[in-house]
Amino acid sequence: MRNQHHAAWLLPTLLALWVHSAWAQTPGINQDKPGGPVTLNFMNADIEAVSRAMGSITGKQVVVDPRVKGTVSLSTDQPVNSATAYNQFLTVLRLQGFAVVESGGLLKVVPEADAKLQTGVVAATAPGTSQILTQVFKLNHENAANLVPVLRPLISPNNTINHNPGNNSLVITDYADNLQRMARIINAMDVANGSDVEIVPLKHAIASDLAVLVTRLLDPATAGAPAPGGADATFKTTVLPEPRANALIIRAANPARVALVKSLIDKLDQPTAGGTASGNINVVYLKNADATKLAATLRGILTGQVSNPGSNPGLSGMQPGALAPINAAAPGSSFNTSTPAAQPGGQVQADPSTNSLIITAPEPQYRQLRAVIDKLDARRAQVFVESLIAEVNSDRAAEIGIQWQGPIGKAGDATVGLLGTNFGTGARNIFNLSQGTTAPAPGLNVGAAQNINGVYVLGFLGRLLEQNGDGNVLSTPNLLTLDNEEAKIVVGQNVPFLTGQYTNANVGGTGAVNPFQTIERKDVGLTLRVKPQVSENGTVKLQIFQEVSSVDPASLASPSGITTNKRSIESNVLVQDGSVVVLGGLLQDQYSGDQSRVPGLADIPIFGNLFKSETRGRKKTNLMVFLRPVVLRDADSLENLSMDRYTQMRGAQQGAQPQPNQIFPINSAPVLPAAEGRAPASASTAPAATNTPAR
């Protein structure tokens, strides 16, 4: 053991002396100054010993991690400089899974997996060595996130690549020679992927029509909306119409693509075959507007007359004669603004079956009409109006009273007196109850009866009663309607009201009796009628009519007819999109008191309670009506709102399932099917759902 210990200690020393002697044998090199040519001849030498020898060659301190174990073989046929020797040493370590990192002038030999955490060098450009470094690549054109999956397979598994979205840069930790290769790849890919914007004026075609056609021909997939998570939109060829100049704006990935688009536009921008400037017939298919209403508006513009404002509210501010007609005999002439109706130069006809416009007009005038149509045929916003009617009622009543009756005198007297008190009517009166024809009134009834000639007669009656009635009603009628379109919802009953009747007396029993009644039916329940108008600054103007009516149960047996309770609001308000506004309400606190008493006797302390009866009541009504409009400007918002309400309704149905019972064959209630592949809207987009359904 002792001999083996001495051998292990002598081997690094002999290797170092051999390297030092190699320096001494090289002419022209200072022996005390490292960096001269050396000849390496390490055969199965310990890694720690070789690392210390390399530290002597490079003139730097070397630290070997305790986890670095093993032997290496490193030799050169002829003398090499210190940089070449050090690079060969790094290459040998790399092949065995180790790496050298530099931190503060100190070289550390560590396992390759830990090298990325201990390197302290962040280089602007990587030297051609096998040392692990960190380099930052700033991109000018390409998206850094797009290059991460491309470069990741080209980097060793133990090293890292990350992107910083803030400054669009890549941070890569790897071997220096591989970082040089990464730099060349990144420079080749970080190029401008879009050409400058070019404008192509059109001579014959309409820009809005040609833009759609060219886009579909270039890439059929771009005809619809791009799918979420799809490719980067900067690589697509974009063709946009500019109606005011009747031109197309082009942006493509490269000049070749731009040339392709220009050649396609040049082939399509041709005059109509055999057509003249006058009498051109064009068909315009509308996407959102109503063809009949829009045709009336355009005809009013052509003839200089203002169309019916109710036909298209979006044109109420347009000046008459905005599109002055062109003289049909002079196709190239300018607009005649002096007498716009004298020489009509165009005709507009609607085709309701296809919701399209048939326009007969010269080319310049048709372009102006198309510019107006494109602006008016935009998708109209929709408004979801959520109305909340909250009503809280509290009705309290209390009653206390004492009644008594008794004879004064003896049996057999010629005259017998009666003395007593009686208050109230019907079931509350002692005389009615003593006859046995009326049941006692609700509450506590305390009585005493005396036997008179074998008949028990009620002689004393005390009543105590307290009633409490509370009600809490929440109704949420909801409506979805287009901008500037009125919508109405009615939830209730259609109740008949008697308006007249006739009956023949049939005197003498001769002739036929023909009685008849006239009845008018009215809706009783909840009615909401609203017409919204959306402005561009996010506010919504609402014309509102809301009514809550009910039939009074006490009037059903009345000979004069049915009585209805009615609460209605009719107002115009201005509300911010998504905000809640209070329309109105009723805060009522009503007190009633009724006291019946015997004068004088009722004022006697304590004893006076035998001579009076008192009833008190208090009724509170808190009614408030709130409104919340939400503007839905696109299909996604509408779908999110619908799916949110769909999920809410499905959850209510699932919670209303009957309790399982083996005796009954029916143990389930119908439930809406699950909406597959769709999620409800978030709270920031959709209105807050309520747990109480609309009444």
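1. Strands β13 (281–285) and β15 (residues 356–360) pair in the antiparallel sense over five bridges; strands, like helices, are DSSP runs numbered from the N terminus (E, at least two residues, for strands; H or I, at least four, for helices), and two strands pair if DSSP finds at least two bridges between them. Within this pairing, N282 has I359 of β15 as its bridge partner.

2. This is a predicted model, in which local features need pLDDT of at least 70 and side-chain atom pairs count only at pLDDT 80 or more, while totals for chains, interfaces and linings use all residues. Residues are numbered from 1 along each chain as its sequence is written, and side-chain values use heavy atoms, with hydrogens and water left out.

3. The pair belongs to an open sheet of three strands, ordered β13-β15-β14, with antiparallel pairing. Because β13 and β14 stand at the edges with a single partner strand each, one side of each is left without a neighbour in the sheet. The twist averages 20 degrees from one strand to the next. Helix α9 (residues 291–303) packs on this sheet, touching β14 and β15, and its direction makes about 175 degrees with that of β14. Contact means heavy atoms within 4.5 Å; axes are lines fitted to C-alpha atoms, for helices over the stretch in contact, with angles from 0 to 180 degrees between N-to-C directions.

4. A350 is found in β14 (residues 347–351). A350 counts as buried because its relative accessibility is 17%; buried means under 20% relative accessible area, exposed over 50%, and partly exposed in between (1.4 Å probe, protein chains only). Neighbours within four places in sequence aside, A350 is in contact with A291, T292, A295, S356 and L357. The C-alpha atoms of A350 and A291 are separated by 5.4 Å, although the two residues lie 59 residues apart along the chain.

5. A further open sheet has four strands in the order β21-β22-β23-β24, with antiparallel pairing. Here β21 (487–502) and β24 (564–576) stand at the edges, each with a single partner strand, so one side of each lacks a neighbour in the sheet. Between β21 and β22 (residues 516–534) there are 15 bridges, and Q501 has Q517 as its bridge partner in β22.

6. The protein chain averages a pLDDT (the predictor's confidence in each residue, from 0 to 100) of 74, and 72% of the residues score at least 70. Over residues 1–34 the pLDDT is below 50, and over residues 275–279 pLDDT stays under 50. Where pLDDT is low, the predicted coordinates should not be read in detail.
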